[in-house]
Amino acid sequence: MHLLVVLDSARLGGLEQAALRTLRGLQARGHTGMALSVAGEGELFPLLAEAGIPAAAVPSRGPSGLFTVPVARRRVRCMPHDALLMVGTARLISTLPFRPRDRRRQVLAVHYHHTGVKPPWAWRSYYHLALRRYHAITFPSDYIRAEAEALVPGIARVAHTVRNGIPLPPPVTEAGRRAARQALGLDPGRPTIGNAGHLIPRKRFDVFVRTLARLRRTVPDVQALIVGEGPERAALGRLAKSLGVGDAITWLGWQRDLTHFYQSLDVLLFNADWDAFPTTPQEAMSYGRPVVASVLNGGLGEILSSGEHGLLLGEHDERALAAAVESYLLDPAEAERVGEASRAQIAAHCSVEENARRYEELLVG
């Protein structure tokens, strides 16, 4: 099979990384592929090139990419392929036909939550159009699949949960952790927590900063890493300074490679109001790190069980979050046990190989 992946975004977030891993997984199964971004070039393109995956881009124009459609259709016709995977967020362009005569080999992969993004009527229109274009629609978690089915019950007949593939890196040794901290300019002997993501309101990095301030009352030498950029960066810096933890945070900005970040951590502290199936906690689990998280809406609980893999709360309780992080920092043996269970969980439920097999099944038939 020669697969064309049409990307609704080409930055380097969880959605884009999931698409890249699917392509690489299908390569390992003997298929070939290429990518077309309908949102211009982005940080994903160098990684596609490194993987030997040809890629092209057209700029996004008009509301919801509407004016991009004619150009995108022409590009698709010039890119021979046997099957098409549309990796979409919530834009109208995701539902418009590229090869309407070959619907059987067109799959839409939705990687976005519904609540807080669009009103229900807009989502219903989106999915009614999608049902006419695609023979299968995939979701990374049962949570957002259920959201879609509640909005448009007809989605159930074509809906599939396909977990994002997360590669399993080698276990992190204590020597490796100290070396990674030194590479990032950190004190290698101090306990370290962190989070990574787009610095936007729904990602709730403000909860991270306030929890850090509470944690420093009992673990005064803790240091923190924040990876990412976004419109909330300045406000978060001011908040950290006002709470007296500005000197405890290292702001790494956007990072292409997060290996040293994950290797440096003792605990990942993750918070969000909405997140379909967040990549950062899954990657931390793959590195054997305990995850302490609070997510108001999302599917993280489908792979992260409190006690077994860390802590997952359905509310932003900074006191409970700080207490959980402290418990892992003060009990390395328990943190190691939880980390090993987390790695096993990712291997069992989020393997790149299983992700590629499922998409092969849907696209080839």
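This is a predicted model: local features need pLDDT of at least 70, side-chain atom pairs count only at pLDDT 80 or more; totals for chains, interfaces and linings use all residues.
Tyr127 has a relative accessible area of 0%, so it counts as buried. Buried residues are those under 20% relative accessible area.

Like Tyr127, Trp123 is buried.

Now consider the aromatic rings. Searching the whole structure gives six aromatic pairs. One of these pairs joins Trp123 and Tyr127: the ring centres are 5.8 Å apart and the planes meet at 20 degrees, so the pair is stacked. The reason is that planes under 30 degrees apart count as stacked.

Keep Tyr127 in view and select Phe139. Here the ring centres are 6.3 Å apart and the planes are at 50 degrees, so the pair of Tyr127 and Phe139 is tilted. Phe139 lies in strand E6 (residues 136–139) and Tyr127 in helix H4, so this pair ties together parts that are twelve residues apart in sequence. Phe139 is buried because its relative accessible area is 0%.

Trp123, Tyr126, Tyr127 and Phe139 make up one aromatic cluster.

Return to Trp123 and select Lys118. The charged end of Lys118 sits over the ring of Trp123, at 5.7 Å from the ring centre.

Which ring does the charged end of Arg233 sit over? The charged end of Arg233 sits over the ring of Trp251, 3.9 Å from the centre of that ring.

Definitions and conventions
Residues are numbered from 1 along each chain as its sequence is written. Side-chain values use heavy atoms; hydrogens and water are left out. Rings of Phe, Tyr and Trp (its six-membered ring) pair if their centres lie within 6.5 Å; planes under 30 degrees apart count as stacked, over 60 as edge-to-face and the rest as tilted. Buried means under 20% relative accessible area, exposed over 50%, partly exposed in between (1.4 Å probe, protein chains only). Helices (H or I, at least four residues) and strands (E, at least two) are DSSP runs, numbered from the N terminus. A charge sits over a ring if NZ of Lys or CZ of Arg is within 6 Å of the ring centre and within 35 degrees of the ring normal.
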